Amino acid sequence: MENHEEATASPRLKERKTGYLGKLGSDFKKVDGPLAWVTALESLLKHPAQLVYEVSSGVRKWMPYLILTVIVGALFYGFIMGTYSGGTQLWASPVKIAFGLMVSALLTFPSLYVFTCVNGADLKIGTVFSLLVLALALVVLLLAGFAPVLWIFSQTTNNIVFIGWIHLIFWIISVGFGFRLLSAGFGLLGKAYSEGLTFWAFVFLLVSLQISTILRPILGTSKLFLADEKVFFLTHWFRVMGE
């Protein structure tokens, strides 16, 4: 009986010892440092598994710092986007980016929780939400890291299509890293995860791109704060490229 259980657990144990999940596994412990925003940022970049451990076990209350990271990071990234056009976009773009990111997360969170349940994960809804916020915090930190590159292109070219593609590429890369941390978070908790989460990441990307289209203009300028036309994001992109 014991040999059978060891054989059954062996593939899972082997998986946790290899790759990104295995790398994080050695850090799956309490955060080394005081309960502070600086500690949260440093742990998120260097030892994210420690934050996964604490937000899942409720050892300390890191959520206010993580939510603050998401909001501040999104506002900062939006400000960098606003520097392309300047003027009212310097405050409008940050507001739209932060609002759009939070709305995208809230709209797709129910499907994320459903996917975790049907994949066999017996996690509380609060734990799943904490892992999502953790992933979003990493996304905005990566975007903040790209900010100097985005700023120099915004100040040296008037090609809005090129600037738009640069932002899109960096957004997809950042979401990819955030999704990897989200998947690893479930793995560290010993819960099942599969292609369902990959599909959810695709849904999150689609929703975020559509929300950004609803909240347009973000890069360009307009007499209206929000466009009053309903349009699919691909239709809007092709229209802009055609112009």
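1. Helix axes here are lines fitted to C-alpha atoms over the stretch in contact, with angles running from 0 to 180 degrees between N-to-C directions. On that basis, α6 and α7 pack at an angle of about 135°, and their axes are 10 Å apart. Because angles over 145 degrees count as roughly antiparallel and 65 to 115 as roughly perpendicular, with the rest oblique, α6 and α7 are oblique to each other. The contact involves L101, A105, F109, L112, Y113 and T116 on the α6 side, and I125, V128, F129, L132, L136 and V140 on the α7 side. By class, these residues are 11 nonpolar, 1 polar and no charged. The crossing of α6 past α7 is right-handed. The model is a predicted one, and the points below should be read with that in mind.

2. α5 passes α6 in a right-handed crossing. On α5, the residues in contact are V70, I71, A74, L75, Y77, G78, F79, M81 and G82. Facing them on α6 are Q89, L90, S93, P94, V95, I97, A98, L101 and M102. The contact of α5 with α6 counts 14 nonpolar, 4 polar and no charged residues. L101 of α6 is in this contact and also in the contact with α7.

3. For α7 and α8, the axes come within 8 Å and the crossing angle is roughly 150°. These two helices are therefore roughly antiparallel to each other. The crossing of α7 past α8 is right-handed. Their contact has 24 nonpolar, 5 polar and no charged residues.

4. Which helices line the cavity? At least two residues of the lining of the largest cavity come from each of α7, α8 and α9. A search of the whole structure finds 1 cavity of 30 Å³ or more, and the volume of the largest cavity is about 90 Å³. Its lining consists of L132, A135, L136, V139, V175, G178, F179, L182, W200, A201 and F204. The lining divides into 10 nonpolar residues, 1 polar and no charged. L132 and L136, which line the cavity, also belong to the contact of α6 with α7.

5. The largest pocket holds about 1,100 Å³ of space. Its lining is made of 39 residues, and those nearest its centre are S212, I218, L219, H236 and W237. Six helices each supply at least two lining residues: α5 (63–82), α6 (89–118), α7 (125–156), α8 (160–188), α9 (195–214) and α10 (233–242). The largest share of the lining, 7 residues, is that of α8. By class, the lining has 23 nonpolar, 11 polar and 5 charged residues.

6. Lining it are Y20, K23, L24, D27, L44, L45, K46, P48, L138, L142, F177 and R180. At least two lining residues come from each of α2 (19–25), α3 (37–46), α7 and α8. The residues of this lining are 8 nonpolar, no polar and 4 charged.

7. One backbone feature deserves a check by eye. The peptide bond joining R216 and P217 is cis, with omega about 5°. P217 is placed in the loop between α9 and α10.

Terms used:
Residues numbered from 1 in each chain as written. Predicted model: local features only at pLDDT ≥ 70, side-chain atom pairs only at ≥ 80, totals over all residues. Heavy atoms only, no water. 1 Å grid on protein atoms, 1.4 Å probe; cavity = no way out; pocket = protein on both sides within 12 Å on 5 of 7 lines; lining within 4 Å. Points joined across faces, edges and corners; volume = space filled by probe spheres on them. Helix = DSSP H or I, 4+ residues; strand = E, 2+ residues; numbered from the N terminus. Nonpolar A, V, L, I, M, F, W, Y, C, P; charged D, E, K, R; others polar. Left-handed = near helix turned anticlockwise from the far one by under 90°. Contact = heavy atoms within 4.5 Å. Parallel < 35°, antiparallel > 145°, perpendicular 65-115°, else oblique.
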